[in-house]
Amino acid sequence: MTETFASLPLFSPFIEFSFMRRALAGCLALSLGATPVGVFLMLRRMSLAGDAMSHAVLPGAAIGYLIAGLSLPAMTLGGLIAGLAVAVLAGGVARNTVIKEDASLATFYLLSLSTGVLIISLRGSSVDLLHVLFGSVLALDDAALYLLASFASLSVVALAIGLRLFALEGCDPAFLARISRLAPVAHYGFMILLVLNLVAGFHALGTLMAVGIMILPAATARLWVGTLGPLLLIAVLTAFFGSLIGLLLSYYVNLPAGPAIVLTLGALYLLSMGVGRLGPLASRWRPNWHFER
């Protein structure tokens, strides 16, 4: 039976090579942890904020790299500290000045990205810079997989416990603030989950690609369903399926794994734009259809 599966192009790379199995396991962890966070980012209309926050972890990871090289604990700790610091600073600026949150995040995003690239360039090579920016999903070791699995498990448990709170905070934060004192807990708790999953995605896909596995499956799922439960399920399945196909493309066509995964997810999104039941083409066939802001 194993020999039969090993002869199939869909299974043979994962049966024959341990690095492919590790990459697939890492993508599964990201699909379970990061993608649901992307769904709530989309509900909060903060999808671009995810991209900004993905670069916020770069200076901390770069300092960790500067101190200890490509050390998983050092770069993880540095990324967490930097990401949380940017989240708190951006929120504080938005609440205490005339600068809105999107502009505040964009400012810190530019500062973080340039600072991180500068730090890495001072000590490392162009290969190290590419590793940080675009990841190395095919080079995941046991320590990285344990980290991804831990962050994914924490995210799943936190989202399960606070599902209604996160959903309400994402759809109508002003209403949540009026009826509950837990609004700040929901906001900052979600930002912590966002940073955790961006740091996890950073180790596998790099800072430039990590947000792709968050947002693209969420946007794809939204073109098919409009309720939260099915939205989360379809987004996770889309993320894992896209990761599987992307890894196979990287193996058979000799493509970089991270970009191949994100481009596959992008192709699924474009396909859903055409055939999804809530997509723009399907709207032409629906009576009394209108788009909601």
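**Figure 1. Salt bridges in the predicted model.** A search of the whole structure, which is a predicted model, finds two salt bridges. In one of them, the side chains of Arg22 and Asp142 meet with a distance of 2.4 Å from N to O. Arg22 belongs to helix α3 (residues 18-43) and Asp142 to helix α9, so this pair ties together parts of the chain that are 120 residues apart in sequence. Arg22 has a relative accessible area of 26% and is therefore partly exposed, and Asp142, at 41%, is partly exposed as well. The other view shows Glu169 and Arg44, which form a salt bridge whose closest N and O atoms are 2.1 Å apart. Here too distant parts of the chain are linked, since Glu169 sits in helix α10 (residues 163-171) while Arg44 sits in the loop between α3 and α4, 125 residues away. Both Glu169 and Arg44 are buried.

**Figure 2. The protein chain as a whole, as a setting for the close-ups.** The secondary structure of the protein chain comes to 16 helices and zero strands, and 48% of its 293 residues count as buried. Among the contacts with a separation of 6 or more, 73% are between residues 24 or more positions apart. The accessible surface of the chain amounts to about 14,500 Å², and carbon and sulfur atoms account for 70% of that area.

Figure 3. In an unreviewed UniProt entry, the annotation "transmembrane region" covers several stretches of the chain, including residues 20-41 and 48-68. In the model, residues 20-41 are 100% helix and 0% strand, and the C-alpha atoms at the two ends of this span are 30 Å apart. Residues 48-68 are 95% helix and 0% strand, with end C-alpha atoms that lie 31 Å apart.

**Figure 4. Surroundings of Val57.** Val57 is placed in the loop between α4 (47-56) and α5 (58-68). With a relative accessibility of 1%, Val57 counts as buried, because the limit for that class is under 20%. When residues up to four places away in sequence are not counted, Val57 touches Gly79, Ala82, Gly83, Val199 and Thr207. The C-alpha atom of Val57 is also separated by 7.6 Å from that of Ser112, a residue 55 positions away along the chain.

**Figure 5. Helix α12 and the residue that follows.** Helix α12 spans residues 183-205, and its 23 residues reach 32 Å from the first C-alpha to the last, close to the 33 Å expected at 1.5 Å a residue. The helix is mostly covered, with 18 of its 23 residues buried. α12 is followed by Gly206, whose phi is positive, near 85 degrees.

**Figure 6. Helix α15, Asn254 and helix α16.** The 25 residues of α15 reach 36 Å from the first C-alpha to the last, which is close to the 36 Å expected at 1.5 Å a residue. After α15 comes Asn254, with a positive phi near 60 degrees, and this residue lies in the loop between α15 and α16. Most residues other than glycine have a negative phi. Asn254 is a residue other than glycine with a positive value, and at 70% relative accessibility Asn254 counts as exposed. Thr264 is buried, with a relative accessible area of 10%. Leaving aside neighbours within four places in sequence, Thr264 is in contact with Gly242, Ile245, Gly246 and Leu249.

**Figure 7. A nonpolar patch on the surface.** Phe19, Leu138, Leu249, Tyr251, Tyr252, Val253 and Leu255 form a nonpolar surface patch, and together they have about 580 Å² of accessible area. Helix α15 (residues 228-252) gives the most to the patch, contributing three residues. Leu138 is found in the loop between α8 (126-134) and α9 (142-161), and its relative accessibility of 31% means that Leu138 counts as partly exposed. Leu249, another member of the patch, is also one of the residues in contact with Thr264.

Methods. Residues numbered from 1 in each chain as written. Predicted model: local features only at pLDDT ≥ 70, side-chain atom pairs only at ≥ 80, totals over all residues. Heavy atoms only, no water. UniProt positions renumbered as here; feature names shortened; annotations may be inferred. Helix = DSSP H or I, 4+ residues; strand = E, 2+ residues; numbered from the N terminus. Patch = residues over 30% accessible without salt bridge, like charges linked within 9 Å, V, L, I, M, F, W, Y side chains within 5 Å. Areas by Shrake-Rupley, 256 points an atom, 1.4 Å probe, with all protein chains shown as cover. Salt bridge = Lys/Arg side-chain N within 4 Å of Asp/Glu carboxyl O. Buried < 20%, exposed > 50% of the residue type's maximum accessible area, 1.4 Å probe, protein only. Expected span 1.5 Å × (residues − 1). Contact = heavy atoms within 4.5 Å.
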